[in-house]
Amino acid sequence: MVFTWLNLAIIVCLVMGVAFAGGPLVGSLFLAPKARGGDIGMPYECGIRPHGSSWMRFGINFYFYALLFLAFDVDVLYLFPVAAYYPVSEGLLPLFKVFLFLFALAIGCLYFWKKGVFEWPRKIFLDQR
Amino acid sequence: MNQTATNDVDVLAGDYYTRHFAAGPNDDTLILNMGPQHPSTHGVLRIVLEMDGEYILRAEPVLGYIHRMQEKMGENRAYLQYFPNMGRVDYLHALAWNWAYAGAVERLAGIEVPPRAEYLRVISCEMNRICSHLLWWGAYILDLGAFTPILYAFVDREEIMDLLQIITGSRLTYCYFTFGGVTADATPAFIDGTRAFIKSMRSRLPMFKGLVTDNLILRKRCEEIGVIDLDMARRYGATGPVLRGSGVACDTRRHEPYSCYNEFDFAIPTASTCDAMGRYLVRMDEISESLKILEQALDMLPDGPFVNPKAPRKVKPAAGETYFSVESARGKVGVYVQSDGSTTPYRVKLRAPCFSNLSLFAELSAGTLLADAVSILGSLDLVIPEIDR
Amino acid sequence: MATQDILRPAVTTLEPALVNLAPVQKVVDLCRAMSLWPMTFGLACCAIEMMAVGMARFDIARFGAEAFRPSPRQSDLMIVAGTVSKKMAPAVVRLYEQMPAPKYVMAFGNCAISGGPFNFEGQYGIIEGVDQLIPVDVFVPGCPPRPEGLLEGLFMLQEKLTGRRWWPQPVGGEVA
Amino acid sequence: MIPACLAGLAHARTVDSATARTGFTTNLALEPAAVHDAAAALYKAGYFLECISGADFAEGFEVLYTFDRFEKPERVALRTLAPHDAPVVPTIADIFHGALWHERECFDFYGVRFEGHPSLLPLLLPDDMELRPLVKAPEARKSREAIVFQTPAPPAAADSAGEKAAADPEAKAKAKAAALAKAKAKAAKTASETAQAAGGDPA
């Protein structure tokens, strides 16, 4: 394997990125005083003692959103090399393949849509009074 | 209550109110405290919520985190000594409370108010109302996630504060009224400044409308949220813009006119949609109505003394009781005073509009999204020290 | 530990930094002083003046303290702006304890300093001075203090941290 | 004046006080047992609950309910008396839900128990507070007759302070109220005249 200036630049970039993210953490570890005692370990809940653990079953509406977001992210990730390669491809087969890929994703979206993920009712029940 | 709980269970045991709210930790729903230290409760309001995912199943406001014993203090202080407190009950519309208390004691002790004082009261009170609505507007939009409007609102607010400072001497917690009039006369600088302000505020309102009111995101966040019907308003005693946003044209300034309000020509804005947007529009319209009143009051401002020279220094009303109500930016402010004939009130009851308006919240927010509940809470325009007194 | 909230002063111990060299700490203190992150701890009337300070006219951003955080975990300056009632006091103490070190407290307004107008004979509901519960660095008197007062309090805190005043004295406001 | 909806109700006495002085159109004193029916009648007639407040008198804790209408000003005050040793009043929170908090507040301040209230917890005070802050010391309590009814209390019941307050203000108050009403009318007239003059001048 040939080691080029490009590789070096990538490595330098990586090191700088890690330093940018990790530097403040390390800095505060060495330079900042630490507070201990009292309720510092208690979960923050607007200044009130929490009631019950947060480890409970929770509505998953947002997870669907996260999943869809991920789907589109992956979509872009895979389409990027396709776009880069597309000018040198020949025939209609690559186009067909790309559409096949997009179709598979679209089915996923439709499935979520059908399941009502995109609907947020304003009120889930009427007054019981 | 689990008194013998082990240490780590104990940390998550909640407090008195959450334990009354829910028997214990639940598998499916989350008991969550919103407040007292929360940016969108506008002070130290606390709301205990039972959440199912993003939806609120039950909500219960917990009050008292800024209970300042105003009613107890009323029984300990002389009538005039108690006056400065009124600016601190509702610091956003301090002059409405000034007025309610002054009006109650004046009626009880039979003190006359000269016409010029009445006009000065109207002018300062309406300025204060605009000031209060502007802060609400900025803070409400801030709650909904837009930071810029509050910067615009404060530009105009600072102008009002500078003007009011000329006559009242303070920026926020005014104690401008006194028994039988006001404490200082309007200076030419104040009157000219107010006229200029009316003009500048008029030119700003269309900009506010274009910038915020017509914004689609705002409308999506406000429309069809927190619908208050007439029966609900009646059951809870909602007043002010919360009531007028539900289509009832009830404004104490028209309803039981006090002072010289029946001499002015102004409309009572209402909205028939009953939702948060209705309340929003009512408040925005009220700003322009207040400007109208200001303009008329400045034109009609009579000469004469600004305080009744015969008003006694030491107020000592005859035994009896009185209930005086005025319209603040938040609704009907009532002060009920019982006198036993001595120099201190026997009992002072402060009827805060926010107290009744907030009691709607539990019913209003059940079953809504948490984000919408914040929008509902903001649309009620709460000042917490007024609720807790 | 009882399940009831018991009113007690804040318990917090500060462990000094691992690298506790004077010149290093001096630089770090300067950085801290010029970028204090206050907690939006508006309790009552004074909170409105605290908001006014953040807005365009008084613009606390000029002095590096515009990043108001709602959470104690991200802030290092607690501006106690308003009356602390007995019901609120445990929450105040808890929020102070939940702040990471270094932490500073500004008692903003008469209520936070001494109970202010609500400190009367027979009062039953307020803490007469937040310094009974948490250590206070700067006291700013007034009912409510003007926004300039908050800025001055901030300057005092910066002076306390760095040992010198960084901003010119207001005209006519020179302290003898 | 008693509104039609309350006409059939057994009330203890009508408090005779001028609207101009008290701000109440109707002012009725009821037995505690009658409060619930009265509130129900007022709800049916379209009133809303303005507030509930308490007061500590020598005779007992007074609970004052004020109602008003949205369409026209017509403030109705209902008042009832609960004895000091067992202050119990039926709740009206099942009719006017706003009373839920007003009653809790009254319970906070005076310890008046509202029978049938679903959750009579401390509202404004800390949960562990035993003190009832607005309860007066027995010697500081004044007679309800002297303050609310403004009629001289029977000499046997009146303490010295109550007597002093009740002796002369009765007549004085009435005269004052009349004078006040007259003066107000005059002031309004002059004000409008001046206003017209001021408004007319530039034109």
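This is a predicted model: local features need pLDDT of at least 70, side-chain atom pairs count only at pLDDT 80 or more; totals for chains, interfaces and linings use all residues.
How many of the residues of H3(A) are buried? The number is 0, so this helix lies largely in the open. After H3(A) comes A:Gly116, which has a positive phi near 85 degrees.

Now turn to chain B, where two helices pack against each other. Two packed helices are described by the angle between their axes and the distance between the axes. For helix H5 (residues 94-109) and helix H6 (residues 115-143) of chain B, the angle is about 140 degrees and the axes are 8 Å apart. Because angles over 145 degrees would count as roughly antiparallel, this value makes H5(B) oblique to H6(B). If you look at the place where they touch, you will find B:Ala94, B:Leu95, B:Ala96 and B:Trp99 on the H5(B) side, meeting B:Arg121, B:Ser124, B:Cys125 and B:Asn128 of H6(B). Sorted by class, this contact has 5 nonpolar, 2 polar and 1 charged residues.

Chain B also holds a sheet. Strands of a sheet pair through backbone hydrogen bonds, either parallel or antiparallel. Here the sheet is open, with 3 strands in the order E1-E2-E3 and antiparallel pairing. Which strands stand at the edges? They are E1 (30-34) and E3 (55-62) of chain B; each has a single partner strand, so one side of each is left without a neighbour in the sheet. On average, neighbouring strands of this sheet are turned by 20 degrees against each other, direction ignored. Looking at one pair, E1(B) and strand E2 (residues 46-52) of chain B run antiparallel and are joined by 5 bridges. Opposite B:Ile31 you will see B:Glu50 in E2(B).

Finally, let us see how chain B meets other chains. In its contact with chain D, 46 residues of chain B touch 49 residues of chain D. Strand E6 (residues 320-328) of chain B gives the most to chain B's side, with 5 residues. That side has 17 nonpolar, 13 polar and 16 charged residues.

Chain B also touches chain C, where 36 residues of chain C are in contact with 35 residues of chain B. On the chain C side, the elements giving two or more residues are helix H2 (46-54) and helix H3 (89-97) of chain C. The largest share, 4 residues, comes from H2(C). By class, this side of chain C has 21 nonpolar, 9 polar and 6 charged residues.

How values were computed: Residues are numbered from 1 along each chain as its sequence is written. Chains are lettered from A and ligands numbered from 1 in the order in which they are written. Two residues are in contact if their C-beta atoms, placed from the backbone, lie within 7 Å. Ala, Val, Leu, Ile, Met, Phe, Trp, Tyr, Cys and Pro count as nonpolar, Asp, Glu, Lys and Arg as charged, and the others, Gly among them, as polar. Axes are lines fitted to C-alpha atoms, for helices over the stretch in contact, and angles run from 0 to 180 degrees between N-to-C directions. Angles under 35 degrees count as roughly parallel, over 145 as roughly antiparallel, 65 to 115 as roughly perpendicular and the rest as oblique. A residue is buried if 20 or more other C-beta atoms lie within 10 Å of its own, exposed if 12 or fewer, and partly exposed in between; C-beta atoms are placed from the backbone. Two strands pair if DSSP finds at least two bridges between them.
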